[in-house]
Amino acid sequence: MLVGFDTNDDAGVYLLSPEMAMVQTVDFFTPIVDDPYTFGQIAAANSLSDVYAMGGKPVSALSIVGFPDKGDPEILEQIIRGGLSKMAEAQCSVIGGHSIRNDDIQFGYAVTGMIHPQRVWRNVGARAGDVLLLTKAIGTGVLSTALKKDRVATADLEAAVASMSQLNRAASEALQELQEKAGATQPIHAVTDITGFGLLGHAREMALGNAERGIEAVSLEIDHSAVQYLPGALEAARGGFLPGGLKNNRDFIGDCVGFAAGVAQEYRDLLFDPQTSGGLLVAISPEAADNAISALERHSVAARRIGKVIPKTNPLLSAR
């Protein structure tokens, strides 16, 4: 086992040969949008994301379905079709799955990917001086909560759906190409995808390091004004449409975070906001950051510099 659960990494990695390792992950959840086909797409993109965050290539998947006994089979068909459309886009074969009767609809996948064992990205390993890049806007949690109250504009919902449905494939491939060109210098030091723990929750995991592997803890400094927010997300946060997961994240890691006095409450909330199929957070050497942004842009990924890695301080994370 090359990567297990010791640092809450995005996926497990198991060595098969000196040239090949297997990446494994699983994710499923209840609907966060009304359209079943779109829900299937989002669930698939979210399930695939962990493999991309490790630097791997998804190759096969098993579907996981929970569906009411008296549910409309056409809805289930559309969910599955939506998922298959994203799996086809990822060139990942769905080779089976399992379904159960369940009062709530649930859908997702167990995904297997392949990777070279010397090219695995971990969520730890960031070094002081590194630049932090983020490849997607945040705010899906508050917008999904606003949707439940019919308080989100159509255009804002469409932007959130487009973001959640977007695979992290292009971002991962762009960074892999950069890494290959760099050779032995290895400018990418840590990568994770932003999902249920929110930007600050996953940043905390990146900062903690791994003493058993000799990876020292660092601190992350985030510029809240540099983070991209989905259209309508700030308004939803100001309106109090805060999901339970946001409050849980704040309760769990709030003591690890220091906010500058000028950071308004809505921005503080959004930095804790749980994301569905969020972007990649990357710690990269400063001399490679511009090339990384250019490579991502060539792959139609609008990445932003959102902060930097500094020597460990108290608190572990800071937002200014």
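The questions and answers below walk through pockets, a cavity, salt bridges and backbone details of a predicted model.

Residues are numbered from 1 along each chain as its sequence is written, and side-chain values use heavy atoms, with hydrogens and water left out. Local features need pLDDT of at least 70 and side-chain atom pairs 80 or more, while totals for chains, interfaces and linings use all residues.

Visitor: Which element gives the largest share of the lining of the largest pocket?
Guide: A pocket is an open set of points on a 1 Å grid over the protein atoms alone, with protein on both sides within 12 Å along at least five of seven lines; lining residues have an atom within 4 Å of a point. The largest pocket is lined by 30 residues, with Asp 27, Thr 195, Gly 196, Phe 197 and Gln 275 nearest its centre. Strand E2 (20–29), helix H1 (36–53), helix H3 (140–148) and helix H6 (198–208) each give two or more residues. The largest share, 5 residues, comes from H3.

Visitor: What volume does the largest pocket have?
Guide: Its lining has 8 nonpolar, 15 polar and 7 charged residues. Here Ala, Val, Leu, Ile, Met, Phe, Trp, Tyr, Cys and Pro count as nonpolar, Asp, Glu, Lys and Arg as charged, and the others, Gly among them, as polar. A volume is the space filled by probe spheres set on the points, which are joined across faces, edges and corners. For the largest pocket that is about 690 Å³.

Visitor: Which strand gives the most to the lining of the second largest pocket?
Guide: About 420 Å³ of space lies in this pocket. Its 18 lining residues include Val 120, Trp 121, Arg 122, Val 124 and His 189, which lie nearest the centre. By class, 9 are nonpolar, 5 polar and 4 charged. With 3 residues, the top contributor is strand E7 (residues 188–193).

Visitor: Which elements give two or more residues to the lining of the largest cavity?
Guide: A cavity is a set of points where a 1.4 Å probe fits but cannot get out. The largest cavity holds about 30 Å³. Ile 32, Val 33, Leu 143, Ser 144, Leu 147, Leu 157, Ala 160 and Met 164 line this space, and they divide into 7 nonpolar, 1 polar and no charged. The elements are H3 and helix H4 (154–165).

Visitor: How many residues apart in sequence are the parts tied together by Asp 6 and Arg 122?
Guide: A salt bridge is a side-chain nitrogen of Lys or Arg within 4 Å of a carboxyl oxygen of Asp or Glu. Asp 6 and Arg 122 form one, with the closest N and O atoms 3.9 Å apart. Asp 6 lies in the segment before E1 and Arg 122 in the loop between strand E5 (106–115) and strand E6 (131–134), so the pair ties together parts whose separation is 116 residues.

Visitor: What is the N to O distance between Asp 69 and Arg 101?
Guide: Asp 69 is in the loop between strand E3 (57–67) and helix H2 (73–89), and Arg 101 is in strand E4 (residues 93–101). Asp 69 is exposed at 56%, and Arg 101 is exposed at 67%. Their side chains meet in a salt bridge at 3.0 Å.

Visitor: What separates Arg 169 and Glu 173 along helix H5?
Guide: The two form a salt bridge, with the closest N and O atoms 3.0 Å apart. They are 4 residues apart in helix H5 (residues 169–182), so the separation is about one helical turn.

Visitor: Which peptide bond is cis?
Guide: Most peptide bonds are trans. Pro 315 lies in the loop between strand E11 (304–311) and strand E12 (317–319). With omega near 10 degrees, the cis bond runs from Asn 314 to Pro 315.

Visitor: What is the phi of Ser 277?
Guide: Most residues other than glycine have a negative phi. Ser 277 lies in the loop between helix H9 (265–272) and strand E10 (280–284) and is buried at 1% relative accessibility. Its phi is positive, near 55 degrees.

Note on methods. Buried means under 20% relative accessible area, exposed over 50%, partly exposed in between (1.4 Å probe, protein chains only).
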